[in-house]
Amino acid sequence: MARKTKEEAQATREGILDAAQACFHEHGVVGTTLAMIGARAGYTRGAVYWHFKNKTEVLEALINRDRIPFIQRLRRTSSTKRSTPVIDLRSALLVSFQELADDERLRNMMEIMLRNDLSAESQAMQELQRDSTREELDIIALAFQRARDLGQLREHADVAIASRILHASLSGVLYSAMLEPELFDLMRDGTEVIDIVFAAYVQPGTFTPGAPASPLPDGDDD
């Protein structure tokens with residue numbers, strides 16, 4: 001019975017998050033209330049408050065729901081048990097772009113994160129994004145450092161610079177594709193940007209430009 005209750009609570013929480021994302025996407029963060037989220041989910045406002053104290057907590061939960069799997073995937077690219085960090089990093093990024101391209105829910109969440117207003121919730125979300133950027137840069141740098149240790153980076157390559165250029169370039173593709181989807185394509189332009197940046201810093205022959213994503217490391221391979 002306790003297990004069923006826990007599963008039901010998780011299902012309620014997920015329903016609230018789905019409703020919150022729809023409200024944030026349609027009305028913006030500042031234009032959404034917890035009451036609106038509860039009504040959209042089919043729950044009372046009290047049920048929403050049982051899971052979340054305020055909109056900031058809802059936003060944090062929404063961001064982490066999609067971000068944690070991405071971070072876990074990214075972390076495996078620097079595994080010392082493998083010798084293909086460049087291919088693994090490239091594949092992890094390509095898989096993530098493909099998920100965005102295929103999943104409208106993920107794209108809607110990305111649009112919410114890219115919007116900006118003066119609400120306290122949006123300011124908190126921006127701080128979360130800043131923390132996320134620093135964490136992602138550190139993880140990418142670990143993969144590039146692993147590649148350097150294996151002799152897979154060009155002699156002149158600076159790990160910190162390569163990580164920043166890759167992250168900034170991919171952020172540009174994401175923003176452009178959300179702003180002008182008729183002009184920019186996530187998979188096409190994302191693949192091109194990844195390969196251009198890698199070609200500048202990675203030894204020739206380490207990866208194949210234009211190739212599809214390779215199988216990613218297992219969860220145990222960390």
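Not counting residues up to four places away in sequence, Leu89 touches Leu74, Thr77, Ile140, Ala143, Phe144, Leu166 and Phe198; contact means heavy atoms within 4.5 Å. The model is predicted: local features need pLDDT of at least 70, side-chain atom pairs count only at pLDDT 80 or more, and totals for chains, interfaces and linings use all residues. Residues are numbered from 1 along each chain as its sequence is written, and side-chain values use heavy atoms, with hydrogens and water left out.

Leu89, Phe144, Leu166 and Phe198 touch the most other members of the largest nonpolar core, which has 34 residues. Such a core is a set of buried Ala, Val, Leu, Ile, Met, Phe, Trp, Tyr and Cys residues joined through side-chain atoms within 4.5 Å. Two or more residues each come from α4 (55-75), α5 (85-102), α6, α7 (120-149), α8 and α9 (186-201). The largest contribution, eight residues, is from α8. Another core, of 20 residues, lies apart from this one and includes Cys23, Phe24, Phe52 and Ala61.

## Overall make-up

The chain has nine helices and zero strands. Helices (H or I, at least four residues) and strands (E, at least two) are DSSP runs, numbered from the N terminus. Along the principal axes, the C-alpha atoms fill a box of roughly 60 × 45 × 25 Å.

Of the 222 residues, 42% count as buried, meaning under 20% relative accessible area with a 1.4 Å probe, protein chains only. Among contacts between residues at least 6 apart in sequence, 71% join residues at least 24 apart.

## Packing of α5 with α6

The axes of α5 and α6 come within 5 Å and cross at roughly 100°. Axes are lines fitted to C-alpha atoms, for helices over the stretch in contact, and angles run from 0 to 180 degrees between N-to-C directions. The two helices α5 and α6 are therefore roughly perpendicular, a term for angles of 65 to 115 degrees.

Glu99, Leu100, Ala101 and Asp102 of α5 make the contact with Glu104, Leu106, Arg107 and Met110 of α6. By class, these residues are four nonpolar, no polar and four charged. Here Ala, Val, Leu, Ile, Met, Phe, Trp, Tyr, Cys and Pro count as nonpolar, Asp, Glu, Lys and Arg as charged, and the others, Gly among them, as polar.

## Packing of α6 with α8

Helix α6 (residues 104-114) and helix α8 (residues 159-179) have axes that come within 10 Å and cross at roughly 105°. That makes α6 roughly perpendicular to α8. On the α6 side, Arg107, Met110, Glu111 and Leu114 meet Leu174, Tyr175 and Met178 of α8. This contact has five nonpolar, no polar and two charged residues.

Terms used. Parallel < 35°, antiparallel > 145°, perpendicular 65-115°, else oblique. Buried < 20%, exposed > 50% of the residue type's maximum accessible area, 1.4 Å probe, protein only.
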